[in-house]
Amino acid sequence: MTEGRAPRVLVTSRSFGGGGTDFAAELDAAGYEVVRSGPAHDLDELAELLPTVDGWIAGTGPVSAAHLDLAPALRVVARYGVGIDKVDVAAAAERGVVVTNTPGANSAAVAEHTVALVLAALRGIPAADRRVRAGDWSGWQARELSALTVGVLGLGRIGRLVIQRLGGFGPRLLGADPWVAADDPIYETVEPVSADDLAQECDVVTLHAPGGQTVVDEAWLAASDRPVVLVNTARADLIDEDAVAAALRSGRVWAYAADTLATENHGEGASPLLAPDLADSVIVTPHLAAQTREGVDGMGGMATADLRAVLEGREPRHPVVP
């Protein structure tokens, strides 16, 4: 930290302190100066701020080697959330910058949002609301969860909480995760299968795996023998959006519901899943899954505590190892 001034903390998460606790005020009371910038982490926008900061509570944007090169005094990047796929952890380690995250802080919030999307997609709730407002009270048949087979891809914290919540509806539950041991207790609740088996067995598939690979592609969709409902509250790159859009038009996918898209804009250049003709079968929310008061407070509290630990010479509780 620079002599003669308060340690400066950059905050680039929109919801930091937006729950029930004002963590920025807590940092201020502890002698820190908080400065804010946008969640995209635009290098030009941050060019004047990064050289002056000692800690960074980072949002969903990238934290690259180029960002780190602009911040010679930076000692800690506290990722506000669990995902660190956009943080160059190795580059941070090379520069002596500690990276932390907030595992589990918003898991319950994401799991509940997942269940909400499953039900909304099965029942066509957004489309029904739009029709009523246009004066159309005609309905359609839906499906009951208790009659269906639901597959969960990714059996980490969130996937397990989704399984717990869905279990009350009584569906057949399948789980796929190559990193979970065969004797894990989760398999007392779900049947162990492969990701490919999910395509062949399931009426609903919900995705909770890390990003970095595409699971639902043309081949996966071609293997499905029934119209499937897909739900994605994890990472956009888990699906091939063009393939899913085509499958929605052909009827191979019944509905798609997600909290993220690969291209987060509208109009020209928008995701193919936002095409007007797919509006009745696609539901998209703008990163709402983690945005509960409890989830926001959990992430804010953990990020703040770990940031202060590093800057005050203590070990953080949630370091990310390169």
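Q: Where is G154, and what makes it count as buried or exposed?
A: In this predicted model, G154 sits in the loop between β6 (149-153) and α7. Its relative accessible area is 5%. Buried means under 20%, so G154 is buried.

Q: Which residues does G154 touch, leaving out those up to four places away in sequence?
A: They are G159, A176, D177, H208 and A209. Each counts as a contact because heavy atoms lie within 4.5 Å.

Q: How far apart are G154 and A234 in sequence and in space?
A: They are 80 residues apart in sequence, and their C-alpha atoms are 9.6 Å apart.

Q: Let's turn to H208: where does it lie, and why is it called buried?
A: H208 is in the loop between β9 (204-207) and α9 (218-223). With a relative accessibility of 13%, against a limit of under 20%, H208 counts as buried.

Q: What makes the pairing of the H208 and T206 side chains a polar contact?
A: The two side chains come to 2.7 Å. The cut-off for a pair of N or O atoms is within 3.5 Å, so this one qualifies.

Q: Which residues does H208 touch, not counting residues up to four places away in sequence?
A: Among them are T114, V152, L153, G154, I158 and V162, along with T233 and A234.

Q: Why is helix α5 called oblique to helix α7?
A: Helix α5 (residues 107-123) and helix α7 (residues 157-167) pack at about 50°, with axes 8 Å apart. Roughly parallel needs an angle under 35 degrees and roughly perpendicular runs from 65 to 115, so α5 is oblique to α7. The crossing of these two helices is right-handed.

Q: Which residues of α5 and α7 meet?
A: From α5 come S107, A108, V110, A111, E112, T114 and V115, and from α7 come R157, I158, L161, V162, R165 and L166. By class, the contact has eight nonpolar, two polar and three charged residues.

Q: What caps the N-terminal end of α10, and how do you know that?
A: D240 does: one of its side-chain oxygens lies 3.1 Å from the backbone nitrogen of D242.

Q: Which residues of α10 are buried, and what do they pack against?
A: In helix α10 (residues 241-250), the buried residues are E241, A243, V244, A245, A247 and L248. They pack against α9, β10 (228-232), β11 (253-258) and β12 (282-284). After α10 comes G251, with a positive phi near 90°.

Q: What is phi in H41 and H287?
A: H41 has a positive phi near 60°, though it is a residue other than glycine. H287, also not a glycine, has a positive phi of about 55°.

Conventions: Residues numbered from 1 in each chain as written. Predicted model: local features only at pLDDT ≥ 70, side-chain atom pairs only at ≥ 80, totals over all residues. Heavy atoms only, no water. Axes fitted to C-alpha atoms, helices over the stretch in contact; angles between N-to-C directions. Helix = DSSP H or I, 4+ residues; strand = E, 2+ residues; numbered from the N terminus. Parallel < 35°, antiparallel > 145°, perpendicular 65-115°, else oblique. Left-handed = near helix turned anticlockwise from the far one by under 90°. Nonpolar A, V, L, I, M, F, W, Y, C, P; charged D, E, K, R; others polar. Buried < 20%, exposed > 50% of the residue type's maximum accessible area, 1.4 Å probe, protein only. Polar contact = N/O pair within 3.5 Å; in protein donor to acceptor, adjacent residues only side chain to side chain.
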